[in-house]
Every structure is written in C-alpha cells, then in structure tokens.
Amino acid sequence: RKQVRLSTLKKMHENGEPIVMLTCYDASFAHLLDEAGVDMLLVGDSLGMTVQGNSTTIPVSVEDMEYHTRCVAKGNKTAFILTDLPFGSYQVNDEEGMANCIRLIKAGANMVKLEGGEEICPLVRRLTAAGVPVCGHIGFTPQSINTIGGFFVQGKSDSGKEKLKREALALQEAGAAMVLFEMVPADIAAEVTQLLHVPTIGIGAGSGTSGQVLVLQDILNIYAGRKPKFSKNFMEGADSIQGAVENYVKAVKSKDFPTQSHSF
Ligand code: KIV
Ligand code: NA
C-alpha cells in the first residue's frame with residue numbers, strides 16, 4: 001500500500017470510500033494494523049484508560065502522548081497517524097497549545113486532534129497555518145467528563161443539534177481538515193457530514209459519517225469493564241488478532257459496521 005496522506009483521505013471521502021481508523025498505542029500493533037489496511041492510527045488519550053489503567057483520560061500528559069506516538073511511528077509504514085492533545089495541553093493558552101502540537105508532530109504524528117468547538121478555533125487556525133492538520137473532536141468530549149457529568153449521548157435536544165452544527169462549521173471554517181463525532185445521534189452526524197466538505201469520523205455516531213473509529217482493545221474483546229454499545233467484538237468469528245482487525249476493516253469499508261444496534 002502507498003503512504004496514506006491527507007490528500008488520500010480527502011480522495012477517499014470524495015469517492016465515498018469509508019475511512020478506517022483504530023486506536024493504536026505501540027509499535028507491534030502499529031505494524032499489525034498497518035498491514036491489515038487500517039487507514040489511520042489514532043494515538044488516542046484513551047491510552048490513559050487502556051494502557052495506564054486510569055478511569056478517565058484526564059491524567060494523560062504530553063510526554064505520555066509523545067512517547068506512544070514515537071512507538072507507533074516506529075512500527076508503522078504507510079498509515080496516517082493522528083495524535084490526541086491531552087487535557088491541559090491546549091487549554092491554558094494558544095502558545096502552549098502550539099508548542100505541544102509541534103512536539104507531537106516531531107514525535108511522528110501527521111495530524112493532531114483537539115476536543116472542542118468555537119473555543120479552539122483560534123488555535124486550529126494557527127496550527128493549520130503552521131502546517132499542522134487538525135481534527136476537531138465534538139459531541140461527547142471525554143476531557144470534559146467533569147462538566148458533562150457522565151458518558152451521555154450528546155446532541156439529542158434541538159439546541160444540542162444546533163450546537164453540533166455550529167461547532168462543526170466553525171471548526172471547518174477555522175481550517176480543521178477533519179471533524180470527529182463521539183456519541184451523537186446517527187441522524188445528526190449524517191446531517192452535519194452533508195453540511196461539511198471535510199471528512200468526518202464517527203464513534204457511536206452511526207453510519208452516515210465519512211469514516212469510523214473504535215478503541216483497539218474494544219474490538220479485540222480485552223476491554224476492562226462494560227462494553228460500550230457502539231463497539232463490537234471483532235474477535236468473534238476470527239481466528240487471530242490480524243484476522244479480527246482485517247474483519248473490522250472490511251466491515252467499515254463495506255458499510256456493514258456500524259449497524260443501528262451500534263448507533264444512537
Ligand atoms: O482517545 C481516543 O481513543 C479517542 C476516540 C475514542 C475517538 O479520542
Ligand atoms: Na481521545
């Protein structure tokens with residue numbers, strides 16, 4: 001496979017080919033996921049839970065994200081690497097946000113992901129101008145768990161729907177090259193995807209987005225605790241981890257995943 005670039009992802013979006021993303025935190029899995037045809041590896045701050053054993057993503061540091069990005073970049077050959085800005089690394093001011101994104105790009109990220117809408121737009125604009133592609137993350141934003149108060153679906157009310165639309169359009173206008181929706185009703189994710197020209201990625205956002213992402217541990221059935229409704233055990237019917245990941249890639253590409261039972 002040829003190197004997946006931002007232009008490749010744009011082309012896939014234009015051609016209606018779903019973009020396949022999975023979280024990835026180390027070199028072994030980066031190699032396996034890349035070989036299995038995953039388009040984008042997300043070095044998510046979910047590593048605070050899956051790798052570090054915390055109950056939220058809040059404790060994760062820039063050093064942690066830098067370390068795991070380096071590990072993933074070493075194992076990867078062709079996939080596009082997206083790394084999360086952890087909580088606290090872009091909230092103080094845009095100077096700190098810029099400096100921290102640059103650290104992650106130097107560690108091997110091809111794009112950075114930030115949670116938020118209008119409030120992050122000035123930083124999105126500066127990053128884009130500096131040559132750093134940005135993915136905005138809206139809907140359920142785990143770094144704000146303390147204000148949201150729990151793992152709730154976002155954008156169910158009329159005002160919530162309007163907020164999602166406003167945020168997605170503002171992010172795109174500020175230069176975001178991608179928008180990710182977490183735990184939002186399928187119909188609103190599909191509607192906002194149609195409003196935008198940049199690709200969208202969903203997790204618990206139905207089948208109307210330009211691509212899908214899940215947490216690696218969830219699809220391999222090695223999550224600790226309750227399985228989220230939007231996830232699926234791809235080890236079922238597979239005889240190896242490689243096979244499970246290949247089945248996930250196939251299911252997203254053929255639009256067999258997610259079904260309504262994985263959506264809100
Ligand atoms: O950190 C992560 O894994 C994420 C996905 C859930 C989208 O941000
Ligand atoms: Na994240």
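# Ligand shell, annotated sites and helix packing

Ligand 1 is surrounded by Thr23, Leu42, Gly44, Asp45, Ser46, Asp84, Leu180, Glu182, Ile203, Val213 and Val215, where a residue is near a molecule if its C-beta atom, placed from the backbone, lies within 6 Å of it. This is a predicted model, in which local features need pLDDT of at least 70 and side-chain atom pairs count only at pLDDT 80 or more, while totals for chains, interfaces and linings use all residues. Residues are numbered from 1 along each chain as its sequence is written, and chains are lettered from A and ligands numbered from 1 in the order in which they are written.

**Ligand shell and annotated positions**

- By class, the shell around ligand 1 comprises 5 nonpolar, 3 polar and 3 charged residues; Ala, Val, Leu, Ile, Met, Phe, Trp, Tyr, Cys and Pro count as nonpolar, Asp, Glu, Lys and Arg as charged, and the others, Gly among them, as polar.
- A UniProt record (unreviewed entry) places the feature "binding site" at Asp45, Asp84 and Glu115; these span 71 residues in sequence, yet no two of their C-alpha atoms are more than 11.0 Å apart, so they gather at one spot.
- For "binding site", UniProt (unreviewed entry) also lists Asp45, Ser46, Asp84 and Lys113, which cluster in space with a largest C-alpha distance of 12.4 Å although they are spread over 69 residues of sequence.
- UniProt positions are given in the numbering used here, with shortened feature names, and the annotations may be inferred rather than shown by experiment.
- Asp45 lies in the loop between strand E2 (40-43) and helix H3 (47-50), helices (H or I, at least four residues) and strands (E, at least two) being DSSP runs numbered from the N terminus.

**Packing around helix H4**

- The axes of helix H4 (residues 62-75) and helix H5 (residues 94-107) come within 8 Å and cross at roughly 20°, which makes H4 roughly parallel to H5; axes are lines fitted to C-alpha atoms, for helices over the stretch in contact, and angles run from 0 to 180 degrees between N-to-C directions.
- Angles under 35 degrees count as roughly parallel, over 145 as roughly antiparallel, 65 to 115 as roughly perpendicular and the rest as oblique.
- On the H4 side, Val62, Met65, Glu66, Thr69, Arg70 and Ala73 make the contact, and on the H5 side Asn100, Arg103, Leu104 and Ala107 do so, two residues being in contact if their C-beta atoms, placed from the backbone, lie within 7 Å.
- The contact of H4 with H5 has 5 nonpolar, 2 polar and 3 charged residues.
- Helix H2 (residues 27-35) packs with H4 at an angle of about 45°, their axes being 7 Å apart, and this makes H2 oblique to H4.
- Ala27, Ser28, Ala30 and His31 of H2 meet Cys71, Val72, Lys74 and Gly75 of H4, a contact with 4 nonpolar, 3 polar and 1 charged residues.

**Packing of helices H6 and H8**

- Helix H6 (residues 121-129) and helix H8 (residues 158-174) have axes that come within 8 Å and cross at roughly 30°, so that H6 is roughly parallel to H8.
- Their contact is made by Cys121, Val124 and Arg125 of H6 and Ala170, Leu171 and Ala174 of H8, which divide into 5 nonpolar, no polar and 1 charged.

**Backbone geometry**

- Met183, found in the loop between strand E6 (178-182) and helix H9 (186-195), has a positive phi of about 50° although it is not a glycine.
- A cis peptide bond with omega of about 0° joins Phe257 and Pro258, and Pro258 lies in the segment after helix H11 (241-253).
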